[in-house]
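The following exercises ask the reader to work through a chain and its packing. Each task is followed by a stepwise solution.

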Amino acid sequence: MRGHISAHAVCTAIRDDIVSGALAPGSRLVEEILAARYGVSRVPVREALRTLQSEGFVTTRHHAGACVAEPSEQEAADLLDIRALLEPLGAARAAARRSPAHLKVLRGLVRLGRERARHGNPADLRQLDGWFHETLAQAAGSPSLTALLTQLRRKIEWMYVVEPPPRAGESWDEHGAVLDAVARGDAERARTLMAAHVERSLPVYRLRRPAGTEVRDPKRPVNTARVRP
């Protein structure tokens, strides 16, 4: 069993546990303990930790070894600024490169999102929002850009609590407008609409803080799963 689970699967499991908070910021990541936790050998764990260090989820400390990273507030704030640059670019690329299959999925997500917004189910809306942005990133037709956007969304999820938007219906109308521009192949309009959507979404992000400390409300704001073979 241990030899059949890839480093990629282990990496995904550790990353998910970091993002969800199951592995807390600053905690040590001991290969032997992680191998037992996920039912694998130490080799894929070692490879996974190297990948996660390159992504910024893991850091190495003198005398302590690998630990879950503890990003600063400035690092967290920078993520939202980077998102404000990359998401509009992804939307513009999607307008030029999307496939009929991408459009079909995006239309279905917008339809569901509008429906759920009317009935007020925050959990469903968060998941649908994630799927919309992930599908749009895939529609950009650039593996490098898609990987950057996916990693960016994971790190934002790790560092921020995303509160239910007070304007969920309007947010999904914005998704619909972006989709219309993408479907028409209007790259500049898709870029402009996505930039405005990202800007309007900033108030729902709250920086995660250790228990007992106050949550800052920044202008541009700054812990998962088992391995499956």
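Helices (H or I, at least four residues) and strands (E, at least two) are DSSP runs, numbered from the N terminus. The model is a predicted one, in which local features need pLDDT of at least 70 and side-chain atom pairs count only at pLDDT 80 or more, whereas totals for chains, interfaces and linings use all residues. Residues are numbered from 1 along each chain as its sequence is written, and side-chain values use heavy atoms, with hydrogens and water left out.

**Exercise 1. Describe the surroundings of H175.**

Step 1. H175 lies in helix α8, which spans residues 168-184.

Step 2. Burial is judged by relative accessible area: buried means under 20%, exposed over 50%, and partly exposed in between (1.4 Å probe, protein chains only). With a relative accessible area of 1%, H175 is buried.

Step 3. Contact means heavy atoms within 4.5 Å. Neighbours within four places in sequence aside, H175 touches V110, D129, F132, H133 and H197.

Step 4. A polar contact is a pair of N or O atoms within 3.5 Å; within protein, one must be able to donate a hydrogen and the other to accept it, and residues adjacent in sequence count only if both atoms are side-chain atoms. The side chains of H175 and H133 form such a contact at 3.3 Å.

**Exercise 2. Determine how α8 and α9 pack.**

Step 1. Axes are lines fitted to C-alpha atoms, for helices over the stretch in contact, and angles run from 0 to 180 degrees between N-to-C directions. The axes of α8 and α9 come within 8 Å and cross at roughly 165°.

Step 2. Angles under 35 degrees count as roughly parallel, over 145 as roughly antiparallel, 65 to 115 as roughly perpendicular and the rest as oblique. The two helices are therefore roughly antiparallel.

Step 3. A crossing is left-handed if the near helix is turned anticlockwise from the far one by less than a right angle, and right-handed if clockwise. The crossing of α8 with α9 is left-handed.

Step 4. Among the α8 residues that meet α9 are S171, E174 and H175, while the α9 side includes L193, M194 and H197.

**Exercise 3. Characterise the packing of α2 and α3.**

Step 1. Helix α2 (residues 31-38) and helix α3 (residues 42-55) have axes 9 Å apart and pack at about 110°. This angle makes α2 roughly perpendicular to α3.

Step 2. E31, E32, L34 and A35 of α2 make the contact with R42, V45, R46 and L49 of α3.

Step 3. The crossing of α2 and α3 is right-handed.
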